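User: I would like to go through the labels attached to this structure and ask what each one rests on. Please set the values against the cut-offs where a cut-off is needed.

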Amino acid sequence: MTPIILTGEGLRAWQAIKKDPRQVGVVLDLDGSLWRSVQYPNRPDVDKRVPDTLRKLNEQVGSLGFLTGRSVEQVRSFLGDVSRFHVLGQFGAEYAYKDDHDLWVPVPPGLAEARTRLGQVLREAQLEGVTVEDVKSHMVAVHLPPGLDPADVADLVEAIQGLALATGLAFTPGHGVVEIGPPGVNKEWALKRFVSGRRRKLSTIMYVGDSGPDLRAFDALDRLRTEEGGQVSTLKVCASDHPKLTRRADAVVDGPVGTVELLLTLVEITAP
C-alpha cells in the first residue's frame with residue numbers, strides 16, 4: 001500500500017525511489033519506529049516480518065541502515081546478524097558495517113563523573129520505576145515509566161540536564177527516556193556524516209523516526225535538499241503522533257506496524 005505523501009518534496013522522493021532503487025538510502029530509527037519503545041533491559045517485541053523484509057529491501061536499495069540511541073551490540077541482540085546493514089549506534093558515536101566497527105568519537109571525559117553523580121540525582125528524585133541503562137560505551141540513558149507525576153518528571157529531567165551541563169555532556173530527551181553523552185553527537189550530525197560518505201552513490205534518502213531526537217535527522221534531510229541544489233531528494237517519515245515531527249513530515253505512518261507496512265511496500269516497488 002502506497003503511503004499518503006503530504007508534500008511535493010516527499011512525492012518527488014517517492015517517485016525517485018521507484019525509478020532508481022540502487023540510488024536510494026533508507027535509514028530507520030528503532031525504538032518507537034520499527035518496534036514499540038521498551039524500558040531497559042527489556043527486549044523489544046520485533047514483528048516476525050521484520051528480518052526477512054529488511055533482508056529483501058537491503059538487496060534492492062543502495063544502502064539500508066539504522067540510526068539509534070541503542071548501542072551496536074544491543075541492535076545485534078535484538079535483530080541478530082546485522083553485518084549487512086549500516087548501524088549507527090549511540091546516535092552515531094559508533095558505526096558498524098560488515099566486519100568494521102568504528103568509534104566515530106572518543107568516549108567523553110565527563111561521562112565517568114556523570115555516572116557517579118547520576119545515582120545521587122535519582123535518589124533525591126525518589127521516583128518509582130525509573131531505571132538506568134548504563135551498559136553503553138558513550139552514553140547513559142534514564143528510562144522514565146509511564147504514569148509518573150508530570151511535575152516530578154519535569155524536575156528530574158531538569159536535574160539530569162543540569163548534570164549534563166556540569167560535566168560537559170550533551171542532553172537528549174526522547175520518548176520515555178533521557179540520555180546524556182558526547183557533545184555534538186546527534187542524529188543530524190550522524191546522518192550527514194553517513195550520507196556524505198556515499199554522496200556519489202545515493203541521490204534519494206528516506207528516514208523514519210518517531211520522537212524528539214529524530215527532529216535532528218529531519219534537519220539533516222532539509223539541509224540536503226538545499227545544499228545539493230535540489231539534486232538530492234529526501235523523504236521524512238513520522239511513525240507517531242509527535243506534533244513537531246508530524247508538522248515537518250512528508251509522510252506519516254501508524255507506529256511500528258505502519259513502518260513495517262511501509263517497508264513491505266518498498267520491497268514491492270523496488271523489486272527487479
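Predicted model: local features only at pLDDT ≥ 70, side-chain atom pairs only at ≥ 80, totals over all residues.

User: Why is Asp 31 called buried?

Analyst: Buried means under 20% relative accessible area. Asp 31 has 16% relative accessibility, so Asp 31 counts as buried. Asp 31 lies in the loop between E1 and H2.

User: What does Asp 31 touch, leaving out residues up to four places away in sequence?

Analyst: Asp 31 touches Ser 37, Val 38, Thr 68, Arg 70 and Asp 210. Thr 68 is 37 residues from Asp 31 along the chain, and their C-alpha atoms are separated by 7.7 Å. A contact needs heavy atoms within 4.5 Å, and the 7.7 Å refers to C-alpha atoms.

User: Why does Leu 79 count as buried?

Analyst: The cut-off is again under 20%. Leu 79 has 17% relative accessibility and therefore counts as buried. Leu 79 is found in helix H3, residues 72-79. Apart from neighbours within four places in sequence, Leu 79 is in contact with Trp 35, Val 46, Val 50, Leu 54 and Phe 66. Pro 44 is 35 residues from Leu 79 in sequence, with 9.8 Å between the two C-alpha atoms.

User: What makes E10 a mostly covered strand?

Analyst: In E10, 6 of its 6 residues are buried. Thr 204, Met 206 and Val 208 point one way, while Ile 205, Tyr 207 and Gly 209 point the other way. Residues on both of these sides are buried.

User: How do you know that E10 pairs with E1 and with E11?

Analyst: Two strands pair if there are at least two bridges between them. E1 and E10 have 5 bridges, in the parallel sense, and E10 and E11 have 6, also parallel. Both counts meet the definition, so both are pairings. As examples, Gly 25 stands opposite Ile 205 in E10, and Thr 204 stands opposite Ser 233 in E11.

User: Why is the pairing of the 8-stranded sheet called mixed?

Analyst: The open sheet has the order E5-E4-E3-E2-E1-E10-E11-E12, with mixed pairing. Its edge strands are E5 (100-103) and E12 (251-252), each pairing on one side only. Among the pairs, E1 and E10 are parallel, whereas E3 (residues 86-89) and E4 (residues 94-97) run antiparallel, joined by 3 bridges. Leu 88 has Tyr 95 in E4 as its bridge partner.

User: What makes E6 and E8 the edge strands of the other sheet?

Analyst: The 4 strands form an open sheet in the order E6-E7-E9-E8, with antiparallel pairing. E6 (131-133) and E8 each pair on one side only. The twist averages 20° from one strand to the next. E6 pairs with E7 (residues 140-143) over 3 bridges, and Thr 131 stands opposite His 143 in E7.

User: Which helices lie across that sheet's strands, and at what angles do they run?

Analyst: Helix H4 (residues 111-125) lies across E6, E7 and E9 and runs at about 20° to E7. Helix H5 (residues 150-166) lies across E7, E8 and E9 and runs at about 155° to E8.

User: How do you know that the span of H9 is close to the expected one?

Analyst: The expected span is 1.5 Å times one less than the number of residues. H9 (residues 255-269) has 15 residues, for which 21 Å is expected, and its first and last C-alpha atoms are 21 Å apart. H9 lies across E1, E10 and E11, at about 160° to E10. Its buried residues include Val 260, Leu 263 and Val 267. What covers the buried residues of H9 includes helix H1 (8-19) and helix H2 (50-60).

User: What makes one space a cavity and another a pocket?

Analyst: From a cavity a 1.4 Å probe cannot get out, while a pocket is an open set. The largest pocket holds about 430 Å³ and is lined by 26 residues, with Asp 31, Ser 37, His 143, His 175 and Val 177 nearest its centre. E8 (170-173) and E9 (177-181) each supply at least two residues of that lining.

How values were computed: Residues numbered from 1 in each chain as written. Heavy atoms only, no water. Buried < 20%, exposed > 50% of the residue type's maximum accessible area, 1.4 Å probe, protein only. Axes fitted to C-alpha atoms, helices over the stretch in contact; angles between N-to-C directions. 1 Å grid on protein atoms, 1.4 Å probe; cavity = no way out; pocket = protein on both sides within 12 Å on 5 of 7 lines; lining within 4 Å. Points joined across faces, edges and corners; volume = space filled by probe spheres on them.
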